[in-house]
Amino acid sequence: MASNDLGRFSDPGLLILASLAGGAKHGYAIMEDIEATSGVHQGPGTLYGAISRLEGGGLIEALPVDERRRPYRLTQQGASFLRQYLASMQRFISIGFERLEA
Amino acid sequence: MSPAIRAWLTRLYPPSWRNRYGAEFEALLEECLHSPLDVLDVILGAFDAHLQLLNGENINWRLLNMLNKLRSTVLMVFASYIAFIIAGISLVGVLDDSPMVPLMQTDPAPAFMMAVIRIASVLALLAVIIGGMPLAITIIHHALASDRANIKLLLVPVISFALLVLYFGIVFLIGTGKIQIAGIVQAVQPNNFPLGNRLLLVGLMLIFVLGAIASTWAVWKAISHTDIEQASFHPIGRTVNINLYKFAYFPAVVTSVSMVVMAIATIVWSKMVFSALPQVFSGNFGLWQTSTQPWIYGIIAVMVISCVTAFFGVARGRSALSHA
């Protein structure tokens, strides 16, 4: 899997990356953060499907288990991917607004 | 949702996925499995995980399988080493006060083989200490910090060692004449080895062997329970990150190779000694003045089985590292 191809889980993957950009979190904290910031509820199956792909792609990494919960954090590769993705989204949004206002 | 339903839902995922994410996923389900839609999401997630596996898409589970294999390598080599040590100590017991000792003072060939065994045993011990130290420190630290079940397990080797020291203390006091027990003499001779002294020796061997088995079991369980692969150490003010099982792999190989060297040297040494002193082989120089032959064959058999088990573990670790 290429690191910039998140497959069917592209949206959950991006939401997780954005959540981890704010600091390391375990699964339940990621779910709560995503729900609070974007209003999207991710089920546990969707969440861990995305986590396994992101970890497999080297975009996030696992930290030692803390009381059965394993926190994850963004890798450098993950941060760089998120930055590039958000920058391209920003350009796309700017173009969209410019065209609407023209 | 009940624990049984959560466990059933987790079991829908492929075993390799469960190895990696099962425990944390079940912990998450305890907190967030509220609606039938969440249950459906978990079922779809399991379906997706199977598809991922069929497509050979995932990298991460393989990494976990590698770590599990490396962990089993370390455990198998450690358990084999303990069995080997028990056999080695039995060999020392057979040698003790036998005509084999004077033979080695005059014949350089068996003396050389015994030196090879000693050097290899020091190498094996050093490798076990070097490879096992970071793991032992991490497990003790983790047990003291958060894992109460592991504290009980780690007490097993401590109690076994304390019992052994206590027993040695009693034997020492009997040997110096400070304690006198009916039926036990202060110093045994080949022609005066009473039943009481034999039972005392059997007790010592039992405490040693059972303590070693219980301690190995406890260490095995403690390592299996501890889900830590990496640890940071701070020697002389510098931070060193160690991947515990990868770090232990090379010492495990050194231990296994040393065990093979010891086993071969023991076989060659036995052949030399028994060619020179056939009466020893057919005599009663085994522990507790029992027949020498079954003891030597038994010791060599345990050594060979230990080596084969250790190398099976090393091969697993090698295959895990080469597929990483």
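Predicted model: local features only at pLDDT ≥ 70, side-chain atom pairs only at ≥ 80, totals over all residues.
Residues are numbered from 1 along each chain as its sequence is written, and side-chain values use heavy atoms, without hydrogens and water.

Colour B:W17 by accessibility. B:W17 is buried, with a relative accessible area of 1% (buried means under 20%, using a 1.4 Å probe and protein chains only). B:Y21 is buried too, at 0%.

B:W17 and B:F25 form an edge-to-face aromatic pair, with centres 5.2 Å apart and planes at 90° (rings of Phe, Tyr and Trp, its six-membered ring, pair if their centres lie within 6.5 Å; planes over 60 degrees apart count as edge-to-face). A:Y48, B:Y13, B:W17, B:Y21 and B:F25 form one aromatic cluster.

Next, show both chains. The contact (heavy atoms within 4.5 Å) takes 24 residues from chain A and 29 residues from chain B. Pick out A:P44, A:Y48 and A:R68: they supply 28% of the area that chain A buries against chain B, more than any other three residues (buried area is the accessible area, 1.4 Å probe, that two parts lose on being put together, summed over both).

Last stop: B:R20 and A:E55. They form a salt bridge, with the closest N and O atoms 2.9 Å apart (a side-chain nitrogen of Lys or Arg within 4 Å of a carboxyl oxygen of Asp or Glu). Between chain A and chain B the count is five salt bridges.

How values were computed:
Chains lettered and ligands numbered in written order. Buried < 20%, exposed > 50% of the residue type's maximum accessible area, 1.4 Å probe, protein only. Phe/Tyr/Trp six-rings, centres within 6.5 Å; stacked < 30°, edge-to-face > 60°.
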